[in-house]
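The model goes in first, my notes after it.

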Amino acid sequence: MSGKVLKPTLSGTRNKTRKRDEKEKWEPQVFRDAIIAGLEDVGRDHETLLKYLCETAAVKFDVKRYGEVFLDVLFVGGIVAPGGTIEGGVRTEICLAKQEKSDVKSFTNILIQFIRRYKWLQKTLGEEIRKIMMVMRVCLNEEERELLGSATAYLLIEGIIPPTLLSALTQDHLVKDDVSASFATSLFRTWLEERDMASLTSTLKKASLDPSLQDIYPAHKRSLDQIESYFKEKGMNELVNHVKAQRANANRKNFISRIKRFTNEDDYNTTEMGEYIRDAISQERVTSPYALQVLFSAIANSGDWASQENISDDFYKELKQYVPLFQTIIDTPKMQLELLNKIQEFCYDNINFLKTFQKIIFLLYNGNIIEEDSIIGWYYTHHSQKGQREFLAQMDKMVHWLENAEEEESDDDDDDEDEDDE
């Protein structure tokens with residue numbers, strides 16, 4: 001056996017990298033150039049464009065990997081760099097931003113059909129539109145922003161993108177200089193050409209946008225009067241009516257809040273309260289029936305009796321304190337009937353007040369708030385349908401008494417006339 005000692009050697013197995021593990025180069029500019037070349041070869045014919053996107057671009061190029069770049073090109077014509085500039089200034093005219101207004105729907109339908117065929121791009125599309133919206137002040141001019149707004153409406157209507165992306169419109173840098181307003185106006189106009197105001201309101205609600213739309217206007221143009229005038233100038237009557245409804249709703253909320261505060265104060269000032277209510281009615285912030293409804297409801301709910309099964313005498317004592325206030329507000333027979341019906345409806349809707357109706361009316365009659373003619377007129381013809389059998393039954397004796405009292409007064413007047421003749 002040889003005593004020769006073998007020297008250690010460095011050796012090892014050379015691992016060959018599998019082809020599938022090799023990292024592909026990230027070349028968005030190369031992809032962009034290839035897509036742009038294909039689009040420009042196809043031109044503006046939308047039918048040919050759809051065929052190219054579905055049968056050539058999606059098969060020949062890695063659209064799944066470069067989805068964001070693909071959509072950048074289709075929407076604005078080039079790659080949108082951070083901040084909103086177009087990367088390298090490379091931009092094609094075959095994109096949404098360069099379409100004629102009349103062609104936007106047709107071009108958007110190409111995107112819709114493509115997304116329905118390649119659903120894996122749908123999520124990216126929503127993210128893409130939000131990204132472009134965030135930088136549209138830089139990468140799009142006003143006309144191009146309006147085209148994007150119109151296309152966004154079509155995509156929302158078809159359920160391709162989520163309404164939540166519209167929350168981007170409240171960003172300060174977009175609200176500034178009416179960028180959000182311009183985009184939104186185009187979106188609203190397109191929506192109302194395709195759908196109705198109710199569906200638009202529902203979408204705005206899903207987007208967590210204020211229904212009054214004030215969040216998308218600059219602070220100095222944010223009043224409801226200004227927004228109403230804006231839509232009136234644009235000839236968008238449905239939105240004018242929507243803003244009016246929002247103003248009425250805001251007025252009602254403010255009125256309720258103020259009346260509740262009045263009725264919950266220990267030292268309430270009925271004179272001040274009466275002036276406030278009369279002003280609200282005269283300025284048409286609320287209607288007189290609504291004012292009476294809110295006032296009575298606030299009084300009825302201002303004490304512990306509201307939660308009691310049997311309403312205590314404290315409620316009637318409290319109501320009596322407001323007689324002077326009702327006297328300053330109710331100045332016509334019509335308003336007396338309005339009050340009768342609002343009390344009837346309140347007692348019907350609040351079961352623990354169901355049996356209090358006659359006693360309430362008698363109290364108001366004694367306080368000279370409601371006259372006998374109004375009570376009798378209400379009883380026979382002008383009452384509400386809500387719980388009419390119950391409330392008419394409660395008022396039987398009182399109405400009979402009032403009618404007899406009128407007859408007696410009439411007889412007395414006749415006697416007086418006979419005595420005068422003698």
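**Overall look.** I started with the secondary structure and got 19 helices and zero strands for the protein chain. I am working from a predicted model, so I keep that in mind throughout. Next I checked burial: of the 422 residues in the chain, 45% are buried. Then I looked at contacts between residues at least 6 apart in sequence, and 66% of them join residues at least 24 apart.

**The cores.** I asked which residues have the most contacts inside the largest nonpolar core. That core has 84 residues, and the list I got is L53, F70, F75, L166, F188 and F231. I picked F231 and noted its neighbours, leaving out residues up to four places away in sequence: T185, F188, L213, Y217, M236, L239, V240 and V243.

**α1 and α2.** I turned to helix α1, residues 28-42, and helix α2, residues 46-60. Their axes come within 10 Å and cross at roughly 145°. I have the crossing down as right-handed. From α1, the contact uses A34, I35, G38, L39 and V42, while α2 brings T48, L49, Y52, L53 and A57. Sorted by type, these contact residues are eight nonpolar, two polar and no charged. L53 turns up here and also on my list for the largest core.

**F114.** This residue is in helix α4.

**The bend in α5.** Where is the kink in helix α5 centred? I found it at M133, with a kink of about 45° in a helix that covers residues 122-139. M133 is also one of the buried residues of α5, along with L125, G126, E128, I129, I132, V135, M136 and C139. I then looked up what these buried residues pack against, and noted α3 (67-76), α4 (104-117), α6 (142-157), α7 (172-175) and α8 (179-194).

**Two positive phi values.** Most residues other than glycine have a negative phi, so I went looking for exceptions. L213 has a positive phi of about 70° and is not a glycine. I located L213 in the loop between α9 (197-206) and α10 (224-233). L213 counts as buried, because its relative accessibility is 3%. It is also among the residues that F231 touches.

N368 is my other entry: not a glycine either, with a positive phi of about 60°. This one sits in the loop between α17 (357-366) and α18 (372-382). I marked N368 as exposed, because its relative accessible area is 65% and the cut-off is over 50%.

**S374.** For my last entry I stayed with helix α18, where S374 lies.

Key:
Residues numbered from 1 in each chain as written. Predicted model: local features only at pLDDT ≥ 70, side-chain atom pairs only at ≥ 80, totals over all residues. Heavy atoms only, no water. Bend = angle between axes of the 7 residues up to and from the residue. Helix = DSSP H or I, 4+ residues; strand = E, 2+ residues; numbered from the N terminus. Buried < 20%, exposed > 50% of the residue type's maximum accessible area, 1.4 Å probe, protein only. Contact = heavy atoms within 4.5 Å. Axes fitted to C-alpha atoms, helices over the stretch in contact; angles between N-to-C directions. Left-handed = near helix turned anticlockwise from the far one by under 90°. Nonpolar A, V, L, I, M, F, W, Y, C, P; charged D, E, K, R; others polar. Core = buried A, V, L, I, M, F, W, Y, C linked by side-chain atoms within 4.5 Å.
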